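I opened this entry to keep track of what I looked up in the model. I go from the whole chain down to single residues.

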Amino acid sequence: MDRNVNIITDLDGKQFVLINDIRFKGKNREEWKEIEEYLKQYVGEFYEISETAEKIYISSDFPDEYANSENRIKLKGKLSKAKANASQGIPELIQIATNEQFSDNTKEKHVQDAKLGWYRYDVRFALPVYNDKSGKVERYNIYFANMLVRHDEDGKKYLYDLLGIKKETSSPLES
């Protein structure tokens, strides 16, 4: 697993995951199949949220949900590309997750796999923007997202999806 990903702290003391490579364009169905395959490398692993020491596990349903959810299908353009490339930083996104928010399960289809409810966490990540002429990194755009975690009847928390991806309106990071 060759990844070029770092955790950075901004001037306000907030962390974000800096993803240095654009591997996926996220524009067509075939590429999302490739992303789903890429995500399978994380299945069976767990990562710890630094802030709370909570373990978040990666189950076999995660790659399919991430790549094929209704939320992902609705994404267009740069936000689709952002979610596609955020897949490279899954361990680090879990590590920097903050602002835990709980909600009860309300859907019948999740009666077993989210029996103990859902958790949302805030995460941030940055992706490079390349200069068309020189091919060099011009700046980094920063994105905000909600990391959705299901709390299974086995008592463990499992990463489920990355939702609500939005580009931050603050100034992008200059290279």
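**Whole chain**

I counted elements first: the protein chain has five helices and nine strands. The model is predicted, so I keep that in mind for every value below. Read from the N terminus, the order is β-β-α-β-β-α-α-α-α-β-β-β-β-β. I then looked up the radius of gyration. For the protein chain it is 16 Å, close to the 16 Å that the globule rule gives for 175 residues, so the chain is as compact as a globular protein of that length.

The box came next. Along the principal axes, the C-alpha atoms fill roughly 50 × 40 × 30 Å. Of the 175 residues, 46% count as buried. I also checked how the contacts span the sequence. Among contacts with a separation of 6 or more, 61% are between residues 24 or more positions apart.

For the surface I noted an accessible area of about 9600 Å². Carbon and sulfur atoms own 45% of that area. On charge, I found 28 positive and 31 negative side chains. The centres of these two sets lie 6 Å apart.

**Strand S7 and its partners**

Which strands pair with S7? I looked on both sides. S6, residues 118-130, pairs with S7 in the antiparallel sense over 13 bridges. S8, residues 157-167, also runs antiparallel to S7 and is joined to S7 by eight bridges.

I picked one facing pair for each partner. Tyr 119 stands opposite Val 149 in S7. Leu 148 stands opposite Asp 161 in S8.

Then I went to the turns. The hairpin of S6 and S7 has six residues between the strands. There, Gly 135 takes a positive phi near 80°. The hairpin of S7 and S8 has five residues between the strands. In this one, Gly 155 takes a positive phi near 90°.

Is S7 mostly covered or mostly open? S7 spans residues 137-151 and is mostly covered, with eleven of its 15 residues buried. A reminder to myself: in a regular strand the side chains alternate between the two faces of the sheet.

I searched for non-glycine residues with positive phi and wrote down two. Ala 53 has a phi of about 65°. It lies in the loop between strand S3 (46-48) and strand S4 (55-57). At 44% relative accessibility, Ala 53 counts as partly exposed, because the class runs between 20% and 50%.

Asn 99 has a positive phi of about 60°. Where does Asn 99 lie? I found Asn 99 in strand S5, residues 98-103. With 37% relative accessibility, Asn 99 counts as partly exposed.

**Ala 86**

My last stop was Ala 86, which lies in helix H4, residues 77-86. Buried or exposed? Its relative accessibility is 0%, so Ala 86 counts as buried.

I listed what Ala 86 touches, leaving aside neighbours within four places in sequence. The contacts are Ile 19, Tyr 66, Leu 93, Phe 125 and Leu 162.

Asp 2 is 84 residues away along the chain, and the two C-alpha atoms are separated by 14 Å.

Conventions: Residues are numbered from 1 along each chain as its sequence is written. This is a predicted model: local features need pLDDT of at least 70, side-chain atom pairs count only at pLDDT 80 or more; totals for chains, interfaces and linings use all residues. Side-chain values use heavy atoms; hydrogens and water are left out. Buried means under 20% relative accessible area, exposed over 50%, partly exposed in between (1.4 Å probe, protein chains only). Helices (H or I, at least four residues) and strands (E, at least two) are DSSP runs, numbered from the N terminus. Two strands pair if DSSP finds at least two bridges between them. The radius of gyration is taken over C-alpha atoms; the globule rule is 2.2 Å times the number of residues to the power 0.38. Contact means heavy atoms within 4.5 Å. Accessible areas come from the Shrake-Rupley method with a 1.4 Å probe; for residues, only the protein chains shown count as cover. Lys and Arg count as positive and Asp and Glu as negative; His and the chain ends are not counted. The place of a charge is taken as NZ of Lys, CZ of Arg, CG of Asp or CD of Glu.
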